Amino acid sequence: MPAAELKDATKSYGSVQALRGVSLTIELGEVVAMLGPNGAGKTTSISLLLGLRKPTTGSARLFGLDPTDLNARSRVGVMLQESGIPQMLKVREIVDLFRSYYPKPMPRDRAIAMAGLEEKASALVKELSGGQRQRLYFALAVCGDPQVLFLDEPTVGMDVEGRRAFIERIAEFAQLGRTVVLTTHYLEEADQLAERVVVIDHGVIIADASPDQIKGQVAGKRIRFTAPGVTEAKLEGLPVTSTSVNGNTVQLLTNNPVAVLKALFERGVAISDIEITGADLEDAFISLTSRHQA
Amino acid sequence: MSQVARAPIWPMLVRQTSAEFLKLWRVPAFSVTSLLLPVVFYGFIGVGQANQTLGPPTNVKFGAYFLASMAVYAVANVMIFSFGISVATERGMKMDVLMRATPLPPVVYLLSRCITALGFAALTLAVLFPFAYVAGNVRLDASQWFTLGYRVLLGSIPFIALGFAIGYLSGPNSAIAVINLVYLPTAFASGLFFPKQLLPEIIQHASPYLPLYRFGQLGWDAIGAPTTESVTTDWIYLAAYGVVFFAIAAWAYRREESRKFS
C-alpha cells in the first residue's frame, strides 16, 4: 500500500484553480521532493495529502485511509509553512506535548537533538530566533517518530548555511528508512535529499524523475553579460538551453558554461560584466515548462 | 494492513491540559488580571461596607453579597477571556492549522481547554474566598461556601461557549475590544457591581434577561440573599443561554472549517 496517494486531484479556491489534475503515488521509504515556484500547487498538494483541504475532484489517501483519519495521521509528522505554535511554552514542553499525540514517539531529548536545539530546550518558544523556531517545527514533526514526514518549504527564510545544516538533519531522518515528502523552491535541496523529484507548475506535474534526470533537462548555470551591439545571430549554435537578449544584456542558460564562454571568445564577441550563477528554479522552469508546452 | 495504533487518550489529555494551563498562566495580562482584579474590586467596593446589612427583609451583609457578585464576575471573566482571546489569537497565528494536521482528536483539545478554564476559575475563587473571609469578614456556613463555589463553576459553562463563539467570530485584534464592550457593560447591567435598584430604570427592565444576571442570582441565592425568582428558573435561563451560545459557537466553528479546511 502506498504511503500517500493523490488520484486525479483537482483543487479550486473560488475561481482559482490551484491543482488541475494531479496523480501522485508515494511509496513507503521514498524521499520525494516536490519542486515548483510559488503558486505552483505544492502546498495545495501537501494540504490534500494531510487532509487539511479536500480535493474538489479526485481523491487523496494516506496509508489507504482518508487523510483526516487519526489512524493515518498517527503515522505522519508535519512541518507546515506559516503555522504558529504557542509562544509561552518551553521547547521541551511543547515537544512533550506533541509526543503525547503519537503512539510510539521517540525520546524527547532525541527529537530535540535531531533538531539541534539541545541548548534551547528550556527556552520559551517566543525567545527563539527564526531559524531556531524552524528547527523546533522540525522537532515537532519528527518527535512522534512518524513513518512519513511532510515538510512544506522547510528551509524558507534560512540563510545558506542554515539551509545546508537543515538539509542534513532531514537526510539523517530519511536514513532511518522513513518516507520524506518535502516541497522546495531550491533545486539543490531536491538534489541533495531526494531520490525522486516531482516538478509541479500551474497545478500539474510536469516532471517526475530522479534528480539527475531532472537536472539533465534543466540548465545548471546562468551566464549574464553585457555585449554592446550583439545580435542573436552571433549567439547561435552555442551549447545553451536558452538565450535571451535584452538591449545590451545577454542571458544564457547552459550546462557547460566553460564551453559557452570559450565559443564566445573565439567568435570575438566583446563581452564585459560577466556573471555566472547557478540557475535557479525560475531558469529551470523556463526550460522545463517550455518543453512541457511544446 | 493491521490497524494502526493510536496514542492513548488520557496521557494526551493530561499533557494538553497542562500545556493549556501553562499557556494561560504565563500570560500575566490574563493570569494576574483574572486572579487579582476581582480581589481588587472586592477591596475597593466590598470591604468598606462589608458589615452593613442589605436591609430588610434580610440581614445578609453586603460583604457576602458582593463576594457572590465578584465570584460570578471572576469566573465568567475567566471563561470569556481565556476562550475568547486565546481562540482568536491562536486562529490569528494559524496555530489551529498545525494542530489540525496532528493526530490530536479535536474533542481532546476542546476538553483540555474547558478543564483548564474551569481550573483557572477555581483558582480565582481560591484567591477571592479567603480574601473576602479575611478582609471582608465574610462568615458563611460551610454549605453556603460550597454551594456558592459549585454553582459558580457549573453556571460558568454557558460562558465557555460564549467565549468560544467570540473567539471564532472576531479577529485576533478585535477580540479584546469585543469582549470588553460586551462583558463589562453586561456585568454592570446585571447588578454585579451595584445593586440592580441603582441602575437606570430601562436597564432594570432588561437585566432579568441577561445571562450574567441569572448567573448572579445563583450566587446571591447561595449566600442567602433574596432573589426575585426561584433558583430553578435561573438555571433554566442559564441552560437556555448555554444552548444558544453553544449553537453559535458550533456554527462559527463550522464556518471557519469550511473556509480554512475545505
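**Exercise 1. Which residue forms a salt bridge with E93(A), and how far apart are the closest N and O atoms?**

Ground rules come before the solution. This is a predicted model, where local features need pLDDT of at least 70, side-chain atom pairs count only at pLDDT 80 or more, and totals for chains, interfaces and linings use all residues. Side-chain values use heavy atoms, without hydrogens and water.

Step 1. Apply the rule: a side-chain nitrogen of Lys or Arg within 4 Å of a carboxyl oxygen of Asp or Glu.
Step 2. The partner is R26(B), with the closest N and O atoms 2.7 Å apart.
Step 3. Across the interface of chain B and chain A, the rule finds one salt bridge. Over all chains the count is 21.

**Exercise 2. Describe the contact between chain B and chain A.**

Step 1. Count residues in contact (heavy atoms within 4.5 Å). Chain B gives 31 residues and chain A gives 32.
Step 2. Take the buried area (accessible area, 1.4 Å probe, that two parts lose on being put together, summed over both). The two chains bury about 3,200 Å² between them, 64% of it on carbon and sulfur atoms.
Step 3. R26(B), L98(B) and P103(B) supply 21% of the area that chain B buries against chain A, more than any other three residues.

**Exercise 3. Locate the nonpolar surface patch of chain B that includes V32(B).**

Step 1. Select residues with over 30% relative accessible area and no salt bridge, joining nonpolar side chains (Val, Leu, Ile, Met, Phe, Trp, Tyr) within 5 Å. Areas come from the Shrake-Rupley method with a 1.4 Å probe, and only the protein chains shown count as cover for residues.
Step 2. The patch holds V32(B), L36(B), V40(B), F44(B) and V127(B), with about 440 Å² of accessible area together.
Step 3. Assign helices (DSSP runs of H or I, at least four residues, numbered from the N terminus). Helix α2 (residues 28-46) of chain B gives the most, with four residues. V32(B) lies in that helix.

Terms used
Residues are numbered from 1 along each chain as its sequence is written. Chains are lettered from A and ligands numbered from 1 in the order in which they are written. Patches are made of residues with over 30% relative accessible area and no salt bridge: like charges are joined within 9 Å, nonpolar side chains (Val, Leu, Ile, Met, Phe, Trp, Tyr) within 5 Å. Helices (H or I, at least four residues) and strands (E, at least two) are DSSP runs, numbered from the N terminus.
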